[in-house]
Amino acid sequence: DPRVERPVLTLEPISDHSKRDCWCVTFGNSFNNKERYLCSGYDNGDVKMFDLRTSQIVWSENVDNGVTSIEFDRKDIEMNKMVI
């Protein structure tokens, strides 16, 4: 967020884990002013969903292949679908 001096969220692996390349990022679950999720896809097939409000991972899965695109469903309703 360019309006603040410090990062809103830093996505860093635990120090004993290897770093992966992030190939895509998208925002979702933004149907109101309180909810914001960020979903990221990586070169090794990992997909991680972060709650920006709590700075926590809320869902994680591996899809076996590098993830180049992620899309959430409609923006005017609560999140119920995501396409990888």
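Which residue forms a salt bridge with D51? R53 does, and the closest N and O atoms of the two are 3.7 Å apart; a salt bridge here is a side-chain nitrogen of Lys or Arg within 4 Å of a carboxyl oxygen of Asp or Glu. Please keep in mind that this is a predicted model, in which local features need pLDDT of at least 70 and side-chain atom pairs count only at pLDDT 80 or more, while totals for chains, interfaces and linings use all residues. Residues are numbered from 1 along each chain as its sequence is written, and side-chain values use heavy atoms, with hydrogens and water left out.

**The chain as a whole**

- You will find zero helices and six strands in the chain; helices (H or I, at least four residues) and strands (E, at least two) are DSSP runs numbered from the N terminus.
- Along the sequence, the pattern therefore reads β-β-β-β-β-β.
- The C-alpha trace spans about 35 × 30 × 20 Å along its principal axes.
- Of the 84 residues in the chain, 26% are buried, where buried means under 20% relative accessible area, exposed over 50%, and partly exposed in between (1.4 Å probe, protein chains only).
- Among the contacts in the chain with a separation of 6 or more, 29% come from residues 24 or more positions apart; contact means heavy atoms within 4.5 Å.

**The sheet**

- Four strands make an open sheet in the order β1-β2-β3-β4, with antiparallel pairing; two strands pair if DSSP finds at least two bridges between them.
- The edges are β1 (22-28) and β4, each with a single partner strand, so one side of each has no neighbour in the sheet.
- From one strand to the next, the twist averages 15°; axes are lines fitted to C-alpha atoms (for helices over the stretch in contact), with angles running from 0 to 180 degrees between N-to-C directions.
- β3 and β4 run antiparallel and are joined by six bridges.
- Opposite W59 in β4 stands M49.

- T26 lies in strand β1 and counts as buried, at 16% relative accessibility.
- Leaving aside neighbours within four places in sequence, T26 is in contact with Y37, L38, C39, I70 and F72.

**Salt bridges**

- Side chains of opposite charge can pair when their charged atoms come close.
- The structure holds three salt bridges.
- R20 and D43 meet through their side chains in one of them (3.1 Å, N to O).
- Because R20 lies in the segment before β1 and D43 in the loop between β2 (37-42) and β3, the pair ties together parts that are 23 residues apart in sequence.
- R20 is partly exposed at 40% relative accessibility, and D43 is partly exposed at 22%.
- R53 also forms a salt bridge with E35, with 3.7 Å between the closest N and O atoms.
- R53 sits in the loop between β3 and β4, and E35 in the loop between β1 and β2, so this pair ties together parts that are 18 residues apart in sequence.
- E35, D51 and R53 are thus linked in a network of salt bridges.

**Positive phi angles**

- Most residues other than glycine have a negative phi, and most peptide bonds are trans.
- S55 is not a glycine, yet has a positive phi of about 55°.
- S55 is found in the loop between β3 (46-51) and β4 (56-62), and is partly exposed at 39% relative accessibility.
- D64, not a glycine either, has a positive phi of about 75°.
- D64 is found in the loop between β4 and β5 (71-72), and is exposed at 66% relative accessibility.

**A nonpolar surface patch**

- V58, W59, V63 and I84 form a nonpolar patch on the surface, with about 310 Å² of accessible area together.
- Patches are made of residues with over 30% relative accessible area and no salt bridge, where like charges are joined within 9 Å and nonpolar side chains (Val, Leu, Ile, Met, Phe, Trp, Tyr) within 5 Å.
- I84 is found in the segment after β6 (82-83) and is partly exposed, with a relative accessible area of 44%.

Key
Areas by Shrake-Rupley, 256 points an atom, 1.4 Å probe, with all protein chains shown as cover.
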